[in-house]
Structure formats: C-alpha cells, structure tokens
Amino acid sequence: MKLINTLLTFAICFTLIFGDYIVFKSKYSNNHMCRAFTDNSVHAAVGLLSSLLFFNHGINVTSQVYISNVFLCTAVSSLIDIDHFILAKSFHFADLASLNRRGIFHCSTFWIIITTLLLLYGRITHKINIYISAFMVIIAFTSHHIRDANRRGLWLFPFGHTPPINKYIYIPSTCLLPMTLAYIYNTCKPYTYSVSREIV
C-alpha cells in the first residue's frame with residue numbers, strides 16, 4: 001500500500017514537471033493545438049492519479065463507486081477548460097490563446113460553493129456516494145486551479161486574483177492534496193451507511 005502511494009505521488013510529480021516542460025519549454029510550445037491538447041491532458045492525468053491516490057488511503061467503496069468516481073475526477077479535471085471555448089465563442093485554438101480573461105470554471109469561488117453544497121447535502125442525507133463525489137470534484141478543481149495558478153494566480157471572486165504560485169509550492173501542494181483530502185474524508189465522513197470495497 002505504501003509503495004503504491006509513493007509511486008502514485010511520484011507519478012503526479014513527474015506528470016506536472018514533464019507536462020509543464022512540453023507545454024512551455026519544448027519545441028511544441030508554439031503550436032496552439034499541441035499546447036492546448038497537452039495542457040489539458042496533464043490536467044486529466046493529474047486528476048486520474050490524484051483520485052487513485054485518494055482511494056488508496058483506506059477509502060472503502062464498491063468497485064462501481066470506485067471506477068465511477070475516478071472517471072468523474074478525471075473528467076472534471078479536463079472539462080474545466082471547456083470555459084475557454086465558451087468565453088472565446090470559437091473552437092479555433094488561436095482564439096483561445098488570445099483570451100485576456102478567465103471563464104467561470106476557473107473561478108475557485110464557484111467550485112467552493114458547489115462542493116460545499118454537495119458536502120452538506122451528502123452529510124445531512126447520509127448519502128456517502130454524493131459525499132465521495134464532492135471530494136472528487138474538490139480534487140479535480142483544486143489540482144487544476146493550483147497548476148494554472150503557477151502562471152496566473154488563483155481567482156477568488158470577489159477578492160480578485162492571488163499572485164502566481166511558485167512551482168516549488170504548487171507541485172508539492174498538488175502531490176499532497178489527495179492524501180490531505182483522504183485524511184479529511186476519513187475523519188469527517190458520514191457513518192450511517194457503510195460501503196464495503198470489492199476487489200478492483
């Protein structure tokens with residue numbers, strides 16, 4: 001278990017470092033389509049690895065819940081970037097690169113409100129699946145936003161943007177995020193219903 005956790009943590013770290021190199025410093029950086037595809041793929045990969053690391057910290061669920069929530073985290077991590085197309089009103093990657101503002105899915109306040117409501121609903125109704133899904137969305141948007149914050153800071157409406165987050169802070173923070181949230185989940189989860197995890 002500890003070995004898998006270590007491997008997953010290193011995989012997240014490697015994905016961030018290598019992905020940033022491809023997006024910003026490689027020969028492909030000037031290709032808008034390649035840059036957008038790689039950048040989004042990194043977000044999705046980090047979401048996938050982070051969700052696996054989260055569940056590997058003693059989160060006992062069924063195979064169906066496990067798979068569906070890993071998919072949810074991966075999908076949300078990637079689909080956050082869809083607001084670029086909405087904002088640009090275009091599917092041309094050159095138009096996306098020229099945007100000078102951020103869409104609502106890149107506003108951390110928006111996701112804080114959504115996940116808080118999901119957590120409260122899941123806890124009050126004792127629906128553990130909703131509660132777990134809320135944590136998946138938290139992992140997805142925080143990992144995405146923290147990575148983006150390396151360049152543009154976090155957008156915390158109505159307070160504005162924070163300064164950019166140094167890569168020596170954002171990379172360790174992203175790696176530690178799943179473990180921290182798993183600890184919070186195990187400490188605060190509703191106890192009315194127990195869900196046994198099958199072999200996956």
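Which residues form one aromatic cluster? In this predicted model, the cluster is made up of Phe 54, Phe 55, Tyr 66, Tyr 131, Phe 135 and Tyr 185.

The model has a count of 12 aromatic pairs. An angle over 60 degrees is what counts as edge-to-face. This pair links distant parts of the chain, as Phe 135 belongs to helix α7 (residues 128-152) and Tyr 185 to helix α8 (residues 167-188), 50 residues apart. Both Phe 135 and Tyr 185 are buried.

Another buried residue is Ser 50. Ser 50 sits in helix α2, which covers residues 32-55. Its relative accessibility is 0%, and therefore Ser 50 counts as buried, the cut-off being under 20% relative accessible area. What does Ser 50 contact, leaving aside its neighbours within four places in sequence? Its contacts are Ile 12, Ile 139 and Pro 178.

Phe 14, Phe 18 and Tyr 21 make a nonpolar surface patch of about 350 Å². Of these, Phe 18 lies in helix α1, which spans residues 2-24. Is Phe 18 buried, partly exposed or exposed? With a relative accessible area of 45%, Phe 18 is partly exposed, because that class lies between the limits of 20% for buried and 50% for exposed. A residue needs over 30% relative accessible area to belong to a patch, and Phe 18 has 45%.

Notes. Residues numbered from 1 in each chain as written. Predicted model: local features only at pLDDT ≥ 70, side-chain atom pairs only at ≥ 80, totals over all residues. Heavy atoms only, no water. Patch = residues over 30% accessible without salt bridge, like charges linked within 9 Å, V, L, I, M, F, W, Y side chains within 5 Å. Areas by Shrake-Rupley, 256 points an atom, 1.4 Å probe, with all protein chains shown as cover. Salt bridge = Lys/Arg side-chain N within 4 Å of Asp/Glu carboxyl O. Helix = DSSP H or I, 4+ residues; strand = E, 2+ residues; numbered from the N terminus. Buried < 20%, exposed > 50% of the residue type's maximum accessible area, 1.4 Å probe, protein only. Contact = heavy atoms within 4.5 Å. Phe/Tyr/Trp six-rings, centres within 6.5 Å; stacked < 30°, edge-to-face > 60°.
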